[in-house]
Every structure is written in structure tokens, then in C-alpha cells.
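Visitor: I am new to this structure and would like to learn how to read it. Could you walk me through some of its features?

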Amino acid sequence: IQVLPKEISAFQLLEVLKVDGNELTVLPPELLELSALKTLNVAGNQLTDLPAPLSQIATLTKLNVSSNRLADLPADLPKLARLVSVKFGTSGLTQWPAVIFECKGLTHLSLHGTPPPPIAPSPPLKTLSRPSSTSLLLSTRTSCTDIFGAALILPPFIVFPGNKLTSIPDSISVLTALVSLNVSKNIIDRLPMSLIKLKALT
């Protein structure tokens, strides 16, 4: 899909929204009206920005914005008190997003650097069509015909830049709840001693 219709706001009980592997360039502000949303996966699109204020979705616990064209993460991210997982890999990063260190409740953080392989077209995915549904999956070349009445077809391939982080800052130690950290396929040549302060990190 190339456009996420504003009618998405009708899914007031929606808890999981996955629209990864498409060609979205913008997300509708109506997305912020999903007051039950817990998981938002918009990885593998062409987004340069996210709707603001993202913190309006107070129920959000997992956010995946990997493989887009975002220069940074939203400044109000720390206001999401329930947020425990952030994925911001394969985005051409050369430095750590400063706002990450204010998200003290994070348990899972991924800033991996591996560009995914090109995604070939797949058949339209039959998915949920009622506003009472709690999970909506529109990923990897999906047709929206069954949901919004208009088929939106994508080009077959998208290529993303890898991250190029050169170090892990000592300030990583403020994320005391962290149990998972993924910085694979970057160009990091040493680990900071401050990592030993993260007692929950496995």
C-alpha cells in the first residue's frame, strides 16, 4: 500500500498494527486516535516523519520504525510511559538518537545495521475487516481491497541504507531496564565499560 486511509481511526479496539514492507511516505494523523494501540510496526516504508504528538497513543508498548527515511526519533518518545521496545535499524544512522536515553523503561532496543534483502511482490493478504478487530496486518505488498474498498499496489523492490554507528555511548547505562540490545552489522570496534552496569542485559 502507498496510503494508509484515514478510516483507520474506526478501529478503536485495535491493539496491533503492522504495515511493514510497503511504500508509505506519510502516516495519517488519525493514527493518533487509536487509543488501544500497543504495537506499531511501520518498518520498511519511506517515512520521513511520524504523526505528532506520538505520545498521544499512551498505550503504545512496541514501536518498529526500522528501514525508513527518518532522521531521528520523535522528541516526545519518553512520554510514552509504557514503551518497552524500540527498533530503529537500517536507517542510515551515524549517531545514536539522543532521545533514546530518556526512555528509561526500555527493555528491548535494536539499532541494527543490516539492510534487508529486496522484497518481492506477494499475493494480496486476506486480513481483518471489522472495526472491532484487535490486530491488523498489512505487510509486504498487501492489498487493502477487503478493508477500505480500494486496492493499492506497490512497486516490487525497496532498498534501505544500513546504520553506520561507530560506538556505543557510555550513557547507555541510564537504560537500566534494558534486557536486549541489538547493534549488529554496524562498525563498532569496542564496547563501553558502562555496559556492565546494565544488570538485566543478557
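Visitor: Where does Leu 24 lie?

Guide: This is a predicted model, and in it Leu 24 sits in the loop that links strand E1 (16-18) to strand E2 (39-41).

Visitor: Is Leu 24 buried or exposed?

Guide: The cut-off to keep in mind is that a residue is buried under 20% relative accessible area. Leu 24 has a relative accessible area of 0%, so Leu 24 is buried.

Visitor: Which residues does Leu 24 touch, leaving out those up to four places away in sequence?

Guide: Leu 24 touches Ile 1, Gln 2, Val 3 and Leu 4, together with Val 19, Asn 45, Gln 46 and Leu 47.

Visitor: What about Ala 10: where is it found?

Guide: Ala 10 belongs to the segment before E1. With a relative accessible area of 42%, Ala 10 is partly exposed, because that class covers values between 20% and 50%. Ala 10 and Glu 33 are 23 residues apart in sequence, and their C-alpha atoms are 8.7 Å apart in space.

Visitor: Let us step back. How many helices and strands does the protein have?

Guide: There are 1 helix and 7 strands. Read from the N terminus, their order is β-β-β-β-β-β-α-β. The protein has 202 residues, and 48% of them count as buried. Its accessible surface is about 9,700 Å², with 58% of that belonging to carbon and sulfur atoms. As for contacts between residues at least 6 apart in sequence, 46% join residues at least 24 apart.

Visitor: How should I read a nonpolar core?

Guide: The general idea is that in soluble globular proteins, nonpolar side chains tend to be buried together. Here the largest nonpolar core has 46 residues. Those with the most contacts inside this core are Leu 17, Leu 77, Trp 96, Leu 109 and Ile 172.

Visitor: Which residues is Trp 96 in contact with, beyond its neighbours within four places in sequence?

Guide: Its partners include Leu 109 and Ile 172, along with Phe 101, Leu 111, Leu 165, Ser 167, Ile 168, Pro 169, Leu 181 and Val 183.

Visitor: And how do I read a pair of aromatic rings?

Guide: A pair of aromatic rings is described by the distance of the centres and the angle of the planes. In this protein the count is 1 aromatic pair. Trp 96 and Phe 101 form a stacked pair, with 6.0 Å from centre to centre and 25° between the planes. Trp 96 and Phe 101 are both buried.

Visitor: Where is Ser 85, and what does Ser 85 touch?

Guide: Ser 85 is in strand E4 (residues 85-87). Ser 85 has a relative accessible area of 10%, so Ser 85 is buried. Setting aside residues up to four places away in sequence, Ser 85 touches Thr 61, Lys 62, Leu 63, Leu 106 and His 108.

Visitor: What should I look for in the backbone?

Guide: Most residues other than glycine have a negative phi, and most peptide bonds are trans. Against that background, a cis peptide bond joins Ala 52 and Pro 53, with omega about -5°. Pro 53 is found in the loop between E2 and strand E3 (62-64). Ser 67 has a positive phi, near 55°, and is found in the loop between E3 and E4. Ser 67 counts as buried, because its relative accessibility is 7%. Thr 90 has a positive phi near 50° and lies in the loop between E4 and strand E5 (108-110). With 0% relative accessibility, Thr 90 counts as buried.

Technical notes
Residues numbered from 1 in each chain as written. Predicted model: local features only at pLDDT ≥ 70, side-chain atom pairs only at ≥ 80, totals over all residues. Heavy atoms only, no water. Helix = DSSP H or I, 4+ residues; strand = E, 2+ residues; numbered from the N terminus. Buried < 20%, exposed > 50% of the residue type's maximum accessible area, 1.4 Å probe, protein only. Contact = heavy atoms within 4.5 Å. Areas by Shrake-Rupley, 256 points an atom, 1.4 Å probe, with all protein chains shown as cover. Phe/Tyr/Trp six-rings, centres within 6.5 Å; stacked < 30°, edge-to-face > 60°. Core = buried A, V, L, I, M, F, W, Y, C linked by side-chain atoms within 4.5 Å.
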